[in-house]
Amino acid sequence: MTLDKLTIGQSARILQVAGKGELRHHLLDMGLTPGVEVTLRKVAPMGDPIELELRGYELTLRLDDAGQIEVEAVEPTPHAAQPAGRYSAIAHPGVGELGRAKSYRANKIGETIPKGQPLTFALVGNQNCGKTTLFNQLTGSNQHVGNFPGVTVDRKDGVIRSHPEATVTDLPGIYSLSPYSNEEIVTRDFLMKTHPTGIINIVDASNIERNLYLTMQLMELGIPMVLALNMMDEVRANGGSVRINELEEILGIPVVPISAAKNEGIDELIDHALHVARHREAPGRIDFCTDNGQPDDPVSAVHRCIHAAVHLLEPNAKAAGLPVRFACTKMIENDPLIEKAMELTEPEKATLGRVIGLMEKEGGLDREAALANMRFAFIETLCAKTVVKPQESREHKRSVAIDKILTGRYTAIPCFIVIMALVFVTTFSLIGAFLSDLMSLGVEAITNLVDQGLTAYQINPVVRSLVVDGALNGVGSVLSFLPTIVVLFFFLSILEDTGYMARVAFIMDKPLRRIGLSGRSFVPMLIGFGCSVPAIMSTRTLSSDRDRRMTILLTPFMSCSAKLPIYGLLTSAFFAPQWRGLVMVGLYLLGMLCGILYAFLLKKTIFQGEPVPFVMELPNYRLPSAKSVLQLIWDKAKGFIQKAFTLIFAATVIIWFLQTFDTRLNVAAAADESLLALLGGWIAPLFAPLGFGDWRVSTALITGFSAKESVVSTLTVLLGGNTSLLPTLFTPFTALVFLVFTLLYTPCVAAIATVRRETGSARAAALTALTQCAIAWVIAFLVRCLGSLFGLV
Amino acid sequence: MNFASYVVLAIVGVLFVLAVRYVLRHGGSDCGGNCSSCGASCPHRGKPRR
């Protein structure tokens, strides 16, 4: 039978993993190897994807992909803790410590680096193992910690605290050093081309089997390395433990138990990392397979194959500047990037092919499965000797209980709608709105004070107008929306940090596949409700270029927080309080609906093809770190205020100038004689069919290209600081049409610049801007026509 | 225009120049507070943070 035929709670043993390419390789890297036992734990509300338990962790998989895996049903193996008192402790080997473990000095790969000379470290680990938390502890800087796999999409650098000579680079979370995803290639390139002096490999001790898969590959690189066993506090609290001395003895690298969240063990980790890097002590073991003499044993077959390959390919690896063992195992795994670098001759390729063919024949597994099987076999043996498995952790039990509701078949979607509705209602109608009103009062008080001061000092009226009508009113009108934006980001951050975003991707995978995307695309789009720039950049987590480009094109349909001031201004001017929230939610839903329709169009035209496979880990729910959330809010508030006092301020002064002076640079007698009226007048006829053909409105829309908040500041300035004059520009219905247009028209210049950078194409960026404007115009026109039909115009 | 007006105008002018300079240097891009995904545009990228 195949894996997709399992029922909830049923266990099976994997017989064969069919298929080929990136997906199959990824499935093997995640531990879905022949012989492993899996249990079906959950099915998404719409029947797809499924969640499996294997090797002590949970993994999601689509039914189509599960159908490629052949299994046989088995009775579940009960988790049994090893009986206490059965083993004798060994002395601490002292790897990575001065004056001890002298045997490891044999692994020196170079001269000792003098104290004070620069040291560079790579921080490498799986997604969701606390890597960014450790980075924060090592460097003392602050980074956002997201609980959804793939939030960290790029490297970050920092200086290790109290060691100014030591720099650590936080690399993307990866599961393997295979060449398929951008994150894996970025990490490999960093490790092999920039030659860091040391590696800090962080491993989640509560999920040690899967994490050690990457550790083995890192050790093959021959770079001085230390293993940080994170979340040891959780392991201990749940009755588990790890025999550190034995683990260190077997692996031949320093093993340091830590809790990054609680800042435990960090100093010891730093000491060991600095030692192995400075003294150039490479890992004591890079060989993970043995030959037990059995001709048909798959691990023995791999052992013979690897050693034959090393003898054959050592000169090529050295010529290419690659670690020999690493290069050979990757050649056996059919790594195209390593193959290209090794430049084998035809006879060498033929010989290697025969060696690999022999391994496959003897072991009964293909080359990829054979290597994965070898690594996991070593890990299983290692864990049997050194790991006392904990009982099911409290965190896991809690997550299972919560998931019964949040991902239940009949409760998942309603819960999601309720949660998102709560977020938006709280942001727009309750807390956010209340705080924004307070902020407006404060800004108004300051403006009046400054105005009185300028009058008292008999400042020239034009200069006074520049300060009050231009700078203060313009910037102030945008600043008053700061609380709303901060509240929105607060909630999005909570959802991300608790782990709920991962569940959302799991739930949304099937409906997103209907529009040609995977559940992974949902998170960038959700982030787009905050800001398009990080949303577009977080599409780097999508391994498929097709999915990335399509998600980038759809992100502008998710109304970003910068548009909130526009919505806020017009809804408060034209709609009764009880309708404002509804109008806001309606705009967001309209944006999503337009995005869905656009996605269908893209799927049928330029983005034909299947979405990327959905293989993802669902982490346990965690309480969000207050420090992390508060830091995020502070960063967002700081960024917004910086933008208000720089970009918005500059734009406001320019707008004021264009509005105040005419073509001869005299003070314009009337507003419609100004330079701005001239510019706005050129494009105003475009908006006449939509019901807002006034030059002031079209001018405001132009400035919205620099920053969406500028629409509000420009309108305010052009109305002489008196927004109660908005009814001279709009009726309630044309205000709604205007809102629809601003919802959908081009993103700001920062977002367009990000599109250009992420797609590598200025043409794509320009097309995005123009297409969005066209869509906005058409949809706004349709809304106006509908209004005409119902007599609302 | 009196002297105070010139002073106020000069202050606004200097602030305007500083704002434009900042925007040109930093691209006017708002990272949205999500530091983990703004590596490519962050001015501190590649430099050790203290």
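How far apart do the C-alpha centres of domain 1 of chain A and domain 2 of chain A lie? I looked this up to start with, and the answer is 29 Å.

**Ground rules.** I'm working on a predicted model, where local features need pLDDT of at least 70, side-chain atom pairs count only at pLDDT 80 or more, and totals for chains, interfaces and linings use all residues. Residues are numbered from 1 along each chain as its sequence is written, chains are lettered from A and ligands numbered from 1 in the order in which they are written, and side-chain values use heavy atoms, with hydrogens and water left out.

**Domains.** I noted the division of chain A as domain 1 (3–79), domain 2 (103–282), domain 3 (298–388) and domain 4 (415–609 + 631–789). These bounds come from an automatic or database domain assignment.

**Domain 1 against domain 2.** I find 8 residues from domain 1 of chain A and 8 residues from domain 2 of chain A in the contact (heavy atoms within 4.5 Å). The buried area between the two is about 880 Å², with carbon and sulfur atoms giving 57% of that. Buried area here is the accessible area (1.4 Å probe) that two parts lose on being put together, summed over both.

I counted 1 salt bridge between domain 1 and domain 2 of chain A, the term meaning a side-chain nitrogen of Lys or Arg within 4 Å of a carboxyl oxygen of Asp or Glu. A:E209 and A:R55 form a salt bridge, with their closest N and O atoms 3.4 Å apart.

On the domain 1 side, helix α1 (residues 21–29) of chain A gives the largest share, 4 residues. Helices (H or I, at least four residues) and strands (E, at least two) are DSSP runs, numbered from the N terminus.

**Salt bridges elsewhere.** My search of the whole structure turned up 30 salt bridges over all chains.

- A:R41 and A:E53 meet at 2.6 Å, N to O. A:R41 sits in strand β2 (residues 37–43) and A:E53 in strand β3 (residues 50–54) of chain A, so the pair ties together parts 12 residues apart in sequence. A:R41 is partly exposed at 40% relative accessible area, while A:E53 is buried at 14%. The cut-offs: buried is under 20% relative accessible area, exposed over 50%, partly exposed in between (1.4 Å probe, protein chains only).
- A:E165 pairs with A:R278 at 3.2 Å between the closest N and O atoms. A:E165 is in the loop between β7 (156–159) and β8 (166–170) of chain A and A:R278 in helix α8 (residues 266–278) of chain A, so this pair ties together parts 113 residues apart in sequence. Both A:E165 and A:R278 are buried.
- I also traced a salt-bridge network linking A:K42, A:E51, A:D403 and A:R503.

**Helix α3.** Why do I call helix α3 (residues 131–139) of chain A largely enclosed by the rest of the structure? Because 8 of its 9 residues are buried. Among them are A:L134, A:F135 and A:L138. The cover over the buried residues of α3(A) includes β6 (119–125), β7, β8, β9 (198–204), β10 (225–230) and α8 of chain A. Just after α3(A), I see A:G140 take a positive phi of about 75°.
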